[in-house]
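Try each task before you read its solution.

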Amino acid sequence: MMSSHTSRSKPRALAALGALAAVLACGVAVSPSASAAGVHPTCNTTKAVSITSGHSVTVPAYGSSKSLTCKLVLNQTTENPAVKALQRSLKSCEGYSYLGVDGFYGPQTFLAVEALQGKYSLFQDGIYGPNTRDSMKHYSSTLGCARL
């Protein structure tokens, strides 16, 4: 036989879980970044962008044209040189010293990007895209860190 405490707690816990699921589902359905994120290809290479005479920063890019208009999203299965460039910049230039530079866009990279977006008053979706790229500092082996 169940105690009266257990029988009253179950419906409350289920109701709370249902409410949380509804909130999360609504958040995903109306998230402005969900549709915006789909319009850019996934960064798969890097590009050296000249900042000052003789100095450049390395940023994630896409394809043979090395377009800077690309995105990076949570992906723990594929190593990516663009992710390494992002991680190096987050670690060396933005203060996320705990972050490893392994080329996998895992939970730590996602959370660092999300925190960075909050720091610069961007929409916090954990997706590296053009707004995040333009707001953050990028790593340079000769200059240190600089913005585009």
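**Exercise 1.** Is Cys70 buried or exposed?

*Solution.* Before you start, note that this is a predicted model, in which local features need pLDDT of at least 70 and side-chain atom pairs count only at pLDDT 80 or more, while totals for chains, interfaces and linings use all residues. Residues are numbered from 1 along each chain as its sequence is written, and side-chain values use heavy atoms, with hydrogens and water left out.

Now take the cut-offs: buried is under 20% relative accessible area, exposed is over 50%, and partly exposed is in between (1.4 Å probe, protein chains only). Cys70 comes out at 0% relative accessibility, so it counts as buried.

**Exercise 2.** Work out which cysteine Cys70 is bonded to, and what the link ties together.

*Solution.* Step one: look for cysteine sulfur atoms within 2.5 Å of each other, the cut-off for a disulfide. The sulfurs of Cys70 and Cys43 sit 2.1 Å apart, which makes them a disulfide.

Step two: check the handedness. The link of Cys43 and Cys70 is right-handed, with 95° about the S-S bond.

Helices (H or I, at least four residues) and strands (E, at least two) are DSSP runs, numbered from the N terminus. Cys43 lies in the loop between helix H2 (32-37) and strand E1 (45-52), and Cys70 in the loop between E2 and H3, so the bond ties together parts that are 27 residues apart in sequence. Cys43, at 0% relative accessibility, also counts as buried.

**Exercise 3.** Find the other partners: how many disulfides does the structure hold, and how are the cysteines paired?

*Solution.* The total is 2 disulfides. Cys93 and Cys145 form a disulfide too, with their sulfur atoms 2.0 Å apart. The torsion about that S-S bond is about -80°, so this disulfide is left-handed. The pair links distant parts of the chain, with Cys93 in helix H3 and Cys145 in strand E4 (residues 144-146), 52 residues apart.

Then compare the two ends: Cys93 is buried at 8% relative accessibility, whereas Cys145 is partly exposed at 31%. Number the bonded cysteines in sequence order and you get the pairing 1-2, 3-4.

**Exercise 4.** Describe the surroundings of Asn80.

*Solution.* Start with its place in the chain: Asn80 lies in the loop between strand E2 (55-61) and helix H3 (81-93). With 10% relative accessibility, Asn80 counts as buried.

Next, list what it touches, taking contact as heavy atoms within 4.5 Å. Leaving aside neighbours within four places in sequence, Asn80 is in contact with Thr42, Cys43, Asn44, Thr45, Leu72 and Gly103.

Finally, look at where the side chain goes. The side chain of Asn80 reaches the backbone oxygen of Cys43 at 2.8 Å and the backbone nitrogen of Ala82 at 2.8 Å.

**Exercise 5.** In which sense do E1 and E2 pair?

*Solution.* Two strands pair if DSSP finds at least two bridges between them. E1 and E2 have 7 bridges and pair in the antiparallel sense. One of the bridges joins Thr45 to Ala61 in E2. The hairpin of E1 and E2 has 2 residues between the strands, and there Gly54 takes a positive phi near 80°.

Notes. A polar contact is a pair of N or O atoms within 3.5 Å; within protein, one must be able to donate a hydrogen and the other to accept it, and residues adjacent in sequence count only if both atoms are side-chain atoms.
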